[in-house]
Structure formats: structure tokens, C-alpha cells
Amino acid sequence: MEANQKTLYAYQNEEELQLAHSIAASLYRYDQVENDRIPTLHDLTEEHVKQFWTRGYLVVEQALSSEEVNRSAEAIMDILSGTSTGSKIQFVKPRSELKTPEEIELAARKISEFVDHEPRLRAVAYQPDVMEALRKLFGEEAIVAQDQAILKPPAGGAEKPWHQDMAYGPLAYDKAVIGMWFALDPAELDNGCMHVIPYSHREGGAPHYAVRDWQLCDRAVQVEHDIAVPLKPGGVLIFHGLLHHGTPPNFSAKRRRSVQIHYAPQSANKLSPKEYKRMFTNEMTNAEC
């Protein structure tokens with residue numbers, strides 16, 4: 001399948017493809033890149049902890065070894081092939097229409113709930129260095145609140161619009177959750193690396209709308225403050241659950257696979273439905289997107 005055929009396969013038609021290009025150009029910028037990086041999780045200091053709560057994120061250059069990266073990538077491909085069972089897969093097309101491994105990979109958007117079924121990915125979620133870093137950040141023990149692998153296949157991996165993770169029900173806690181976004185492939189400017197708005201978590205919860213996804217209103221995104229966070233395989237972005245972040249589409253011929261684990265402090269409780277609506281919807285304000 002040629003690259004342009006793959007792209008049209010992923011976006012269904014030329015109109016969808018053009019819209020994706022327009023979104024990538026208008027809602028993301030690529031000239032501001034995060035260069036402040038911690039070498040490893042072992043190097044996390046109290047000053048970094050303060051920086052995290054002030055700025056909303058930290059970047060660690062090498063959090064997983066090459067062996068951990070390879071095992072994790074193999075686990076994801078085994079889940080897609082059906083060799084590893086129990087995890088959930090979200091496809092952008094009906095599974096019955098997907099006949100070849102290439103078609104399956106092109107249509108796979110997300111893998112989730114793998115921690116209890118796939119030991120290679122469970123090892124990442126509970127890696128000792130990760131859990132120790134979270135103890136430093138939370139000041140208490142951490143629990144896994146959600147596990148997922150976000151996939152952007154070559155030539156058409158879709159955008160994940162700007163959002164706050166705590167606006168999603170499983171992560172709606174009364175204390176901040178922390179996301180750990182591990183790159184398994186080079187996450188670069190042209191294949192959908194993470195983008196963040198520094199300090200945006202300090203504004204609290206913001207209304208989300210069902211547009212292209214459950215997302216912040218496009219008009220509310222402070223695109224001028226967007227910082228791109230390219231990562232090498234094994235690197236991790238550690239970010240506050242209220243930080244505004246998103247990823248543009250992948251129009252390149254490269255894979256962009258990642259594992260994202262969300263953690264909550266052990267003492268956290270889930271938000272009441274009323275508090276959730278107040279923080280993350282427009283039900284009580286009638287604000288429009």
C-alpha cells in the first residue's frame with residue numbers, strides 16, 4: 001500500500017485529510033521545543049519536584065532501557081495480532097473489515113486495560129524507578145488509575161485534540177493525577193509528539209466538548225504558548241492531570257507508539273458527579289464552544 005493510499009485509508013476521504021492538515025497547522029506550533037530535560041529518573045531532585053508543580057510537567061530523557069522499550073513494543077504488536085489476549089483495542093474501523101496485519105495496525109487507535117493481562121507492560125507501569133519518582137512527586141504512595149497505549153500508525157495516525165486528562169471519568173479525582181507518557185518509537189515533530197501548554201494546570205478544570213473527541217474548545221487553546229516535546233524511545237513526559245496537552249496527526253511514514261500510565265495519590269477520592277460537572281462541563285455555565 002503506497003503512502004498516499006495509507007493516508008486516505010486512515011482518513012476515509014480527501015475532505016477528512018485536508019481537515020486534518022488544517023488542524024495540524026492552526027492548533028499546533030513546531031518552532032518551540034522543550035530542551036529542559038532530566039537525564040534519568042534517578043536524577044529527579046526536590047527542585048525538579050517544585051518545578052513540576054509550578055510548570056506542570058517534566059521531561060526525562062531516558063526512563064526505560066532499550067530492552068524495556070523493545071519488550072513493550074513487542075507486547076503492543078502481540079496484542080494487535082491476538083497473540084496476547086485480554087487487553088482492549090479501539091479501532092477506527094470495524095474489526096471484521098480488517099484482514100491483514102497492516103490493516104489492523106493502521107486502524108488501531110488505542111490499547112487499554114493491559115496491566116492485568118500483559119506482564120511486559122505491567123512491568124513498565126510498576127517499574128521501581130517510576131514508582132519512586134511518583135512517591136517524590138506525590139509525597140505519598142501512588143496507585144495506577146488508568147493504563148493505555150496511544151498509537152499513531154504511519155501516514156494517518158489521528159490527532160488527539162487538546163484536553164485535560166482529569167476531564168475523563170476514570171481520572172476525575174479530588175487530587176491531581178499524574179500522567180507518565182513513555183515513547184516507544186521516536187516521537188518527533190512530524191509524527192505526532194506531545195505538545196503542552198506550560199502552567200495551564202494552574203487554571204483548574206476547563207469545560208470540555210464532544211467535537212472531534214472529548215476536548216477543550218479549539219478557541220480556548222493558547223496556541224501561542226504551545227511547547228512541543230519530542231522524545232527518543234525510552235523517554236518520558238511526566239505531566240499534571242490538568243495540564244492542557246494534545247498531539248497533532250502523524251502524516252509521516254513512521255510509527256509513533258507510546259504507553260501512557262496515569263497515577264493517583266493513594267489518598268485521593270473520585271469527584272462527585274456534581275463537582276465533575278462544575279469543573280469539566282458547561283452544564284452549570286452554559287458556556288459555548
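Select Cys217 to begin: with 8% relative accessibility, Cys217 counts as buried (buried is under 20% relative accessible area, exposed is over 50%, and partly exposed is in between, using a 1.4 Å probe and protein chains only). A quick note before moving on: this is a predicted model, where local features need pLDDT of at least 70, side-chain atom pairs count only at pLDDT 80 or more, and totals for chains, interfaces and linings use all residues. Residues are numbered from 1 along each chain as its sequence is written, and side-chain values use heavy atoms, leaving out hydrogens and water.

Cys217 sits in the loop between strand 9 (214-216) and strand 10 (227-229), while Cys289 is in the segment after helix 8 (273-280), so the pair ties together parts 72 residues apart in sequence. Helices (H or I, at least four residues) and strands (E, at least two) are DSSP runs, numbered from the N terminus.

Now look along the S-S bond: its torsion is about 90°, so this disulfide is right-handed. Cys289 has 39% relative accessibility and counts as partly exposed.

Next, click Cys193, which is buried at 0% relative accessibility.

Last stop: Glu97, in the loop between strand 2 (88-91) and helix 5 (101-107). Glu97 is partly exposed, at 46% relative accessibility.

Methods:
A disulfide is a pair of cysteine sulfur atoms within 2.5 Å.
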